[in-house]
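Hi,

Here is the structure I promised to pass on. Have a look at it first, and then read my notes below.

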There are 2 protein chains.
Amino acid sequence: FKGCSFGVGGGGKPRRVVLVKAEAVGINPDIRKSEEKVVDSVVVTELSKPVTAYCRCWRSGTFPLCDGSHVKHNKATGDNVGPLLLKK
Amino acid sequence: FKGCSFGVGGGGKPRRVVLVKAEAVGINPDIRKSEEKVVDSVVVTELSKPVTAYCRCWRSGTFPLCDGSHVKHNKATGDNVGPLLLKK
Ligand code: FES
Ligand code: FES
């Protein structure tokens with residue numbers, strides 16, 4: 001953890017500002033954390049629907065499938081992620 | 001940004017500790033940030049190789065394909081993400 005603090009401000013009372021150096025963080029908070037690496041396979045001949053959406057946001061309740069949770073994630077964080085669509 | 005600081009420490013000099021409340025952050029730092037939502041499509045009949053790996057870590061230099069960058073991401077962050085493998 002690295003940080004530093006100093007006083008800033010125009011007129012009036014100086015305001016304390018704390019700068020924090022962000023460290024790289026993971027993108028998967030919850031899914032299959034007991035696995036060293038989460039890899040999934042799709043045998044494409046077995047796809048049943050014309051289009052199947054696969055999750056890339058690591059927030060889906062039906063992972064590896066997309067359940068639309070990327071919408072909430074994008075709204076909460078300002079992110080722009082979405083699924084991979086497999087088309088027959 | 002919410003934070004607070006206070007003094008702690010056993011004997012000797014108190015040490016300043018700053019607690020920072022983490023906010024939800026995005027998982028895609030760089031890829032196609034001009035797009036509101038990054039969605040890709042694969043027409044599975046056009047896959048050429050027996051196995052094709054698609055990126056789910058948002059760190060690939062060949063996105064939407066996986067280029068192995070998840071390994072570096074996992075090592076740097078303690079994460080456990082990996083690609084989606086499409087098999088013909
Ligand atoms: S729920 Fe994760 S990409 Fe849609
Ligand atoms: S490079 Fe992103 S999953 Fe492999």
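**What I found**

In this predicted model, 47 residues of chain A are in contact with 47 residues of chain B, where contact means heavy atoms within 4.5 Å. Some housekeeping: residues are numbered from 1 along each chain as its sequence is written, and chains are lettered from A and ligands numbered from 1 in the order in which they are written. Local features need pLDDT of at least 70 and side-chain atom pairs count only at pLDDT 80 or more, while totals for chains, interfaces and linings use all residues, and side-chain values use heavy atoms, with hydrogens and water left out.

Back to the two chains. Between them they bury about 3,700 Å², with 58% of that on carbon and sulfur atoms (buried area is the accessible area, with a 1.4 Å probe, that two parts lose on being put together, summed over both). On the chain A side, Ile27(A), Arg56(A) and Asn80(A) lose the most area to chain B, together 20% of what that side buries.

The rule also finds 4 salt bridges across this interface (a side-chain nitrogen of Lys or Arg within 4 Å of a carboxyl oxygen of Asp or Glu). One of them joins Asp79(B) to Lys33(A), with the closest N and O atoms 3.1 Å apart.

Now for the rings. How many aromatic pairs does the structure hold over all chains? There are 2. Rings of Phe, Tyr and Trp (its six-membered ring) pair if their centres lie within 6.5 Å; planes under 30 degrees apart count as stacked, over 60 as edge-to-face and the rest as tilted. Trp58(A) and Phe63(A) have ring centres 4.6 Å apart and planes at 25°, so they are stacked. Trp58(B) and Phe63(B) are stacked too, at 4.6 Å centre to centre and 25° between the planes.

Are these residues buried or exposed? Trp58(A) is buried at 1% relative accessible area, and Phe63(A) is buried at 14%. Buried means under 20%, exposed over 50%, and partly exposed in between (1.4 Å probe, protein chains only). Trp58(B) and Phe63(B) are buried as well.

Finally, look at Ser60(B), which counts as buried at 7% relative accessibility. A polar atom of the Ser60(B) side chain lies 3.4 Å from the backbone nitrogen of Phe63(B), and one lies 2.6 Å from the backbone oxygen of Leu65(B).

Cheers

Conventions: A polar contact is a pair of N or O atoms within 3.5 Å; within protein, one must be able to donate a hydrogen and the other to accept it, and residues adjacent in sequence count only if both atoms are side-chain atoms.
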